[in-house]
Amino acid sequence: MKKYVNRCIKYILIFTVILFILQYNGFSTTKESAGEIKIKGIRAKVTEVISESKDSQLLELIIIEGDYINHKLKAEFYPVFNFYGITLSENDEVFLNITIDENKVLKNVTVTNVARDRYMLYLFAGYVLLLFIIGGFKGLRAVISLILSYLIIIKLLFPLIIKGYTPVYATVLICSIITVFTLVLIGGFNRKTLSAILGTFCGLVIAAVLAVKVGDMAHITGVIDDEFYLLKYLPLNSSFSYQGLLFSGMIISSLGAVMDVSMSISSSINELKEHSYNLNTLKLISAGMNVGRDAIGTMTNTLILAYIGGSIYMMLIIIAEDVSLIHFINSEAVATEILRSMAGSIGIIVTVPVTAIISGLLI
C-alpha cells in the first residue's frame, strides 16, 4: 500500500509540474512587419557547395521543414568570420533566417548556425541507455527529473525574470520546486526524502545569501560576459538586474551538488537505521557527519574545478598577460568565479550537519 501511495504521489507531482509548465507559451520565431514575414531558425540541408574561397562559401540549400519544405535557395556562408574555420559540405544541415515578401518570394537568406542537435540527441540517447543499464528504473526517473528541471528553468524561471521579477527570489523559488519534485521522484515520499529536501533548502539559502551579500560588498556588477550587451537590445518591456542574473546563475549552479550531498547523507542514515535497530539518534547523526565529511572534499573540488573549466578562456588571457596575483584576484571576472565557487562550496558544507541532524531526528 505504501509503495502504491508513493507511486501515485510521484505521478501526480510530474503531471502537476507539466501542466504548470504548459501555462507558459514559448517565444515565436516568426515575425511580420511591413508586408514581410521574417522566419528565424528554419532548418535546411546543403545540396551543393557551388563555389569556395578562403573566406566564404556559396551554398545551394534545400529547406527540409515547415511550409517551404523542398524549396531550393542559395546563401553565402562565411566560415572564417562566423564560425572560426568551420567549412560546410554536402548533406550538412544548417539553420537559416529568411525574409518572405508580399509575393511569397524568399529573400535575404542568412546562415545563422550549424545544426548540431542530431549529435547531441545521439549522446543523450547513449546517456539514457547507460543510466538505465546501471541504475535501472531509478535511473530513468533521474532522466525524467532532469528533463523536467530543464523545462521548469526554461519555461518558468526565465519567463518570470523577463517579466521583471527579482532574479534571486525567483531562482530560489524555482530551485525549491525542482528540489522537491526531483528528490520525491527519485527517493519516494518518506522521511529520508523529507530530510534531504530540508537539508538542500538550507544549503541553497545559505549559498544565495552569501552570493548576494558578498557580491554587494565586493561591488560585483554582473557585467562580465559578451551576452550582457545582447540583453540590452532585446525588444522587452522589462529591464534586467545584471547583478541579480549573475547571482541567479550561482544559485542554479550549486543546486545539483547540494542536492547530491543532502540525499547521500539522508540515504546513508536511512540504510543504517533499517539494518541496525540499536543505533540511537546521536549515533545516526555521527554516522551522517562521517559520510558528509567524505562528500565535502569531492563535491567542493568538483564544483570549483567545474567553474575553472567554464572560465578557462578568461583565465588563460589573464595569466598570459602576466598579471600579478593581487590584480588577478581583483579582476571582476576572477572575483566572480571565486564568489561562485565559495558560495556553492559553503552551501555544501552547511548542508552536511543540517541534513545529518534532521535525518537523525526524523529517521
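Q: What percentage of the 363 residues in the protein chain do buried residues make up?
A: The model is predicted: local features need pLDDT of at least 70 and side-chain atom pairs count only at pLDDT 80 or more, while totals for chains, interfaces and linings use all residues. Numbering starts from 1 along each chain as its sequence is written, and side-chain values use heavy atoms, with hydrogens and water left out. Buried means under 20% relative accessible area, exposed means over 50%, and partly exposed is in between (1.4 Å probe, protein chains only). On that basis, the buried share of the 363 residues is 37%.

Q: How many helices and strands does the protein chain have?
A: Elements are DSSP runs numbered from the N terminus, with helices being H or I of at least four residues and strands being E of at least two. The count for the protein chain is eleven helices and six strands.

Q: What percentage of the contacts with a separation of 6 or more joins residues 24 or more positions apart?
A: A contact means heavy atoms within 4.5 Å. Among contacts in the protein chain with a separation of 6 or more, the part from residues 24 or more positions apart is 65%.

Q: Is α7 roughly parallel or roughly antiparallel to α11?
A: Axes are lines fitted to C-alpha atoms, for helices over the stretch in contact, and angles run from 0 to 180 degrees between N-to-C directions. Under 35 degrees counts as roughly parallel, over 145 as roughly antiparallel, 65 to 115 as roughly perpendicular and the rest as oblique. Helix α7 (residues 242-275) packs against helix α11 (residues 332-362) at about 30°, with the axes 8 Å apart. Relative to α11, α7 is therefore roughly parallel.

Q: How do the residues of the contact of α7 with α11 divide?
A: Ala, Val, Leu, Ile, Met, Phe, Trp, Tyr, Cys and Pro count as nonpolar, Asp, Glu, Lys and Arg as charged, and the others, Gly among them, as polar. For α7 with α11 the division is twelve nonpolar, twelve polar and one charged.

Q: Are α5 and α11 roughly parallel or roughly antiparallel?
A: The axes of α5 and α11 come within 7 Å of each other and cross at roughly 150°. Residues of this contact divide into 15 nonpolar, nine polar and one charged. The pair α5 and α11 is therefore roughly antiparallel.

Q: Is Thr193 buried or exposed?
A: Thr193 is in helix α5 (residues 191-217). Not counting residues up to four places away in sequence, Thr193 touches Leu183, Val184, Gly187, Gly188 and Met263. Its relative accessibility is 1%, so Thr193 counts as buried.

Q: What is the relative accessible area of Arg43?
A: Arg43 is in strand β2 (residues 36-52). Leaving aside neighbours within four places in sequence, Arg43 is in contact with Ile63, Ile64, Glu65, Glu93, Val94, Phe95, Ala115 and Asp117. Arg43 is buried, with a relative accessible area of 15%.

Q: What distance separates the C-alpha atoms of Ser89 and Thr47?
A: Ser89 is in the loop between α2 (79-83) and β5 (93-100), and is partly exposed at 40% relative accessible area. Leaving aside neighbours within four places in sequence, Ser89 is in contact with Val46 and Val49. Along the chain Ser89 and Thr47 are 42 residues apart, and their C-alpha atoms are separated by 8.4 Å.

Q: What is the phi of Asn70?
A: Most residues other than glycine have a negative phi. Asn70 lies in the loop between β3 (57-63) and β4 (72-77), and is exposed at 56% relative accessible area. Although Asn70 is not a glycine, its phi is positive, at about 70°.

Q: What is the phi of His219?
A: His219 is in the loop between α5 and α6 (227-231). At 65% relative accessibility, His219 counts as exposed. His219 is not a glycine, yet it has a positive phi of about 55°.
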